[in-house]
Amino acid sequence: MSYTAKHHDSCVRVLEFFKLLAKEDIDIKELDYRRLCKFKDIEAHETFLKYISTLEASDIDVKKIGKKYSLCKFLEEIKIDDCEINLLFNIYKAFDACCVEKQKDFLDELFTKIEKSLSETTKQTLNDKINQYHNQKHSPMSKIASEFQQYVDLSQKLTITYNGESFTATPKKVEINGNNVFLFVYDSKKAENIKLTAKNIEKIEILPLKTTTTNMTTSIAFEVYDRLAINYRLRDCETVQTFDENKKLIINTGEDKKSLFKRLMKYGENCKVISPKYVEKEMLQELEKLEKKLKGDAE
């Protein structure tokens, strides 16, 4: 009579299950364990409850959140200082302020994973900052931003009355910056993205027209010279066309024109708008207005 040794691989299965938990939260009733090599001989999902009990007995914190079991803390702990905590919080706040609600869940999932690698004290500090930020969002400014975001999500064209003038535009995004709320829209007649300040928006009407995904915007070319040519930092909407030691030709596409003018004026003689010609003329007119204001000649 021959003797066949029985293989006890429960420990291996517990470790494999632990590896699955480390990757993502698990609903054991929906787990397709028969396709997983290490679990192909398991007959019932209750077996996984035993594995969870084994992990808990080893001081590994596993909790059931809704229908899924979640690993509350990773084995390896990351040590971060106060500056790094503030950096994480600023990333969270900046993303949330952009009102990209469809991607909000991805941000929360990312921060949940990060928190699993932090000490309890560090995690509490980060959560306190995030919770305090969310409590402040109930301010009137946040309510205005939420209302504007509804227009963006609706994907309908709008008739906007702004500083006494009405025009048709496509809502693009909402931003909160300091004590101001801004609505970014696309004006198809001018082929420009425009940055509107909430307090100057007098009226918004929804039109029965769907927004289009493709919006052609005017490209503005300008040159920067000397030290500015070396130190100039490109914005997301800019590319370098040509450059040498003393000059860079930069193409800006899609930035709010008034914001661009305000920025370029700060560079003085080290910057010049090249094309289109009508934009160059508008820039000169803005400079003339500024000169008159400085001289006290403004009307």
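These are my notebook entries on a few things I looked up in this structure.

**Entry 1: the whole chain.** I began by reminding myself that this is a predicted model. I counted 9 helices and 11 strands in the protein chain. The chain has 299 residues, and 34% of them count as buried. I then looked up the accessible surface, which comes to about 20,600 Å². Carbon and sulfur atoms account for 51% of that surface. For contacts with a separation of 6 or more, I found that 56% are between residues 24 or more positions apart.

**Entry 2: two helices that pack.** Next I turned to a helix pair. Two packed helices are described by the angle between their axes and the distance between the axes. Helix α8 covers residues 257-265 and helix α9 covers residues 277-295. I noted an angle of about 60° for the pair, with the axes 11 Å apart. The helices α8 and α9 are therefore oblique to each other. Their crossing is right-handed.

Which residues make the contact? From α8 I listed Lys 257, Phe 261, Leu 264 and Met 265. From α9 come Tyr 278, Val 279, Glu 282, Met 283, Glu 286, Leu 287 and Leu 290. I sorted the residues of this contact by type: 8 are nonpolar, 3 are charged and none is polar.

**Entry 3: a closer look at Glu 282.** I picked out Glu 282, which sits in helix α9. Leaving aside residues up to four places away in sequence, Glu 282 touches Lys 257 and Phe 261. Glu 282 and Phe 261 are 21 residues apart along the chain, and their C-alpha atoms are separated by 9.1 Å. Is Glu 282 buried, exposed or partly exposed? Its relative accessible area is 25%, so I wrote it down as partly exposed; the buried class needs a value under 20%.

Entry 4: Most residues other than glycine have a negative phi, and most peptide bonds are trans.

- Ser 275 and Pro 276 are joined by a cis peptide bond, with omega about -5°. I found Pro 276 in the loop between β11 (271-275) and α9.
- Ser 155 is not a glycine, yet its phi is positive, near 60°. The loop that holds Ser 155 runs between α6 (140-154) and β3 (156-162). Ser 155 counts as partly exposed, at 26% relative accessibility.
- Asp 226 also is not a glycine and has a positive phi, about 55°. I located Asp 226 in helix α7 (residues 226-231). At 43% relative accessibility, Asp 226 counts as partly exposed.

How values were computed. Residues numbered from 1 in each chain as written. Predicted model: local features only at pLDDT ≥ 70, side-chain atom pairs only at ≥ 80, totals over all residues. Heavy atoms only, no water. Axes fitted to C-alpha atoms, helices over the stretch in contact; angles between N-to-C directions. Helix = DSSP H or I, 4+ residues; strand = E, 2+ residues; numbered from the N terminus. Parallel < 35°, antiparallel > 145°, perpendicular 65-115°, else oblique. Left-handed = near helix turned anticlockwise from the far one by under 90°. Contact = heavy atoms within 4.5 Å. Nonpolar A, V, L, I, M, F, W, Y, C, P; charged D, E, K, R; others polar. Buried < 20%, exposed > 50% of the residue type's maximum accessible area, 1.4 Å probe, protein only. Areas by Shrake-Rupley, 256 points an atom, 1.4 Å probe, with all protein chains shown as cover.
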